[in-house]
Amino acid sequence: MPRFLSSRPDSRLIPLPWQLPLETWPKEALVALPRGISRHVVRFIKVGNSVYAAKEVIATLALHEYRILTDLHRLSTPAVEPVAVVTDRFDEQGIPLDPVLITKHLEFSLPYRVLFDQGVRPATVTRLVDAMVVLLARLHLIGCHWGDVSLSNVLFRRDASEFAAYLVDAETAELHPTLTNGQRANDLEIARINLYGEFCDLEAGRMLDSSLDPKTLVESILARYRDLWAELTGAEEFSGDETYRIENRVRRLNALGFDVAELDLQTTPDGSTIRIQPKVVDAGHHSRRLLRLTGLDAEENQARRMLNDMATYRWATGQQQEDEAVVAHRWLTECFQPVVNAVPPELRGKRDFAQIFHEVLDYRWYQSQRESREVPLLEATHGYINDVLRSLPDERRTLTQVAPHADERLPANPFDPSAGFAEDDEPLPQDPWATGEMPAVDPNFLDIDALRARAKK
Ligand SMILES: Nc1ncnc2c1ncn2[C@@H]1O[C@H](COP(=O)(O)OP(=O)(O)OP(=O)(O)O)[C@@H](O)[C@H]1O
Ligand SMILES: [Mg+2]
């Protein structure tokens, strides 16, 4: 009998064939979704309308990862959400199987290879890199040493014109009260090595724009991280008559999407110098504000865009004196909902609603510029749906459902991206150790006595 360790159990998971190694699970239980490369067997399971990611991994790691992901979730850090660990698995012969860690499938998320496969403009690469830098800084702020910073361990979600990065692999992560500079530097060193390798790999596969160079890219990531870290945590000193600089610092942090929960402010006895240092900063300034006002859960930049639209709406409808919460409610019913309702159900797998709303606003702006008139929101929505949304690839798509385009290759096994493509002429690379083609190992190898004897001679 398998055991389920879970704080939010889903009983529909219990009847699944836990006595089988994940690799041999029947297709009916699985769903083929884009996935990054991994050492462990990872599959997506579908029960009812929910999709979960399942990873077969040794017990200590499964439990460790479950606990770390739970903590990250509690601390509102962008990471996949843990659901359960299934232990005590045995196959039909009674041979023990590794536990399975189950996480909620992160909807509308894109592994970096899927993004790069579609061709990525240099500016987009910068955005991906920025998202990764913000994630790393957020982890470090809460005292999380990741230990395995890499593109394969991140999932990207669209966030207005930017991306938001989510941590997907917490096997090596550790939580501490705070991180030392050495621990942060260690994560940066791991990032440097892994990201360099991944960018070189993309370059070799001709998926990296030729204007980009892996080494410069990695250096820019490290530099951006250092700048962000300095802005989030660095001390600033100024003269006593420049108190507006306190407010400026807070505004700059807000603009970066952070809230100041604690600011350490010291003044010299005569008040001639002031020193400020943010002590606790929390990410998600705009997301939290939007959630409080409207109940909408959106990524940071999507939220920023919606709050701006709400401010414009307030001004355009002369509601400056009205209570903010009342205006937010009106904006929701008069602006946001009509856009969402206009999207036909079959197109709802393309983008999440917050992203659609952002793209409609962009579309309306361009159309208004082109036609020199104020285009109404609903008119722009219909234009966007027909001109843009219909032709976009389905980001909630499954790999088995994709209609192959002329230039699109289908995976050999849609449930296992590492199996290569169906029509690949070249055979898959073979592991010479596994196929027995490697020359037999010298039996004296590791014969320490023989080595010592030879060294004596
Ligand atoms: N909850 C999830 N939602 C969406 N995708 C997921 C989820 N969990 C895992 N994946 C996909 O599966 C891939 C592999 O997962 P993960 O990195 O945890 O495996 P791993 O074998 O531990 O990796 P590594 O080789 O780095 O140790 C991820 O890159 C991601 O694309
Ligand atoms: Mg991984």
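In which sense do strand β12 and strand β14 pair, and over how many bridges? Select residues 236–239 and residues 273–283: these strands, β12 and β14, are antiparallel partners over 4 bridges. Here, strands are DSSP runs of E with at least two residues, helices are runs of H or I with at least four, and both are numbered from the N terminus. Strands pair if DSSP finds at least two bridges between them.

Before moving on, note that this is a predicted model, in which local features need pLDDT of at least 70 and side-chain atom pairs count only at pLDDT 80 or more, while totals for chains, interfaces and linings use all residues. Residues are numbered from 1 along each chain as its sequence is written, and chains are lettered from A and ligands numbered from 1 in the order in which they are written.

**Stop 1: around β14**

Click on E237 and you will find R275 of β14 opposite. Between β13 and β14 the hairpin has 5 residues, and G271 takes a positive phi near 75 degrees.

**Stop 2: strand β9**

Now select residues 154–159. Because 6 of the 6 residues of β9 are buried, this strand is largely enclosed by the rest of the structure. "Buried" means that 20 or more other C-beta atoms, placed from the backbone, lie within 10 Å of the residue's own. In a regular strand, side chains alternate between the two faces of the sheet. In β9, V154, F156 and R158 point one way, and L155, R157 and D159 the other way.

Show β10 (residues 162–167) too: 6 bridges join this strand to β9, and the two run antiparallel. V154 stands opposite L167 in β10.

**Stop 3: the core**

Keep V154 selected. In the largest nonpolar core, which has 69 residues, V154 and M132 touch the most other members. Such a core is a set of buried Ala, Val, Leu, Ile, Met, Phe, Trp, Tyr and Cys residues joined through C-beta atoms within 7 Å. Helix α3 (residues 122–141) gives the most to this core, with 12 residues.

**Stop 4: ligand 1**

Finally, select ligand 1. Which residues come nearest? Of the 22 residues around ligand 1, they are G36, S38, H40, A53 and D169; a residue counts as near if its C-beta atom, placed from the backbone, lies within 6 Å. Strands β3 (50–56) and β7 (100–104) each supply at least two residues of this shell.

Key: Buried ≥ 20, exposed ≤ 12 C-beta atoms within 10 Å, placed from the backbone.
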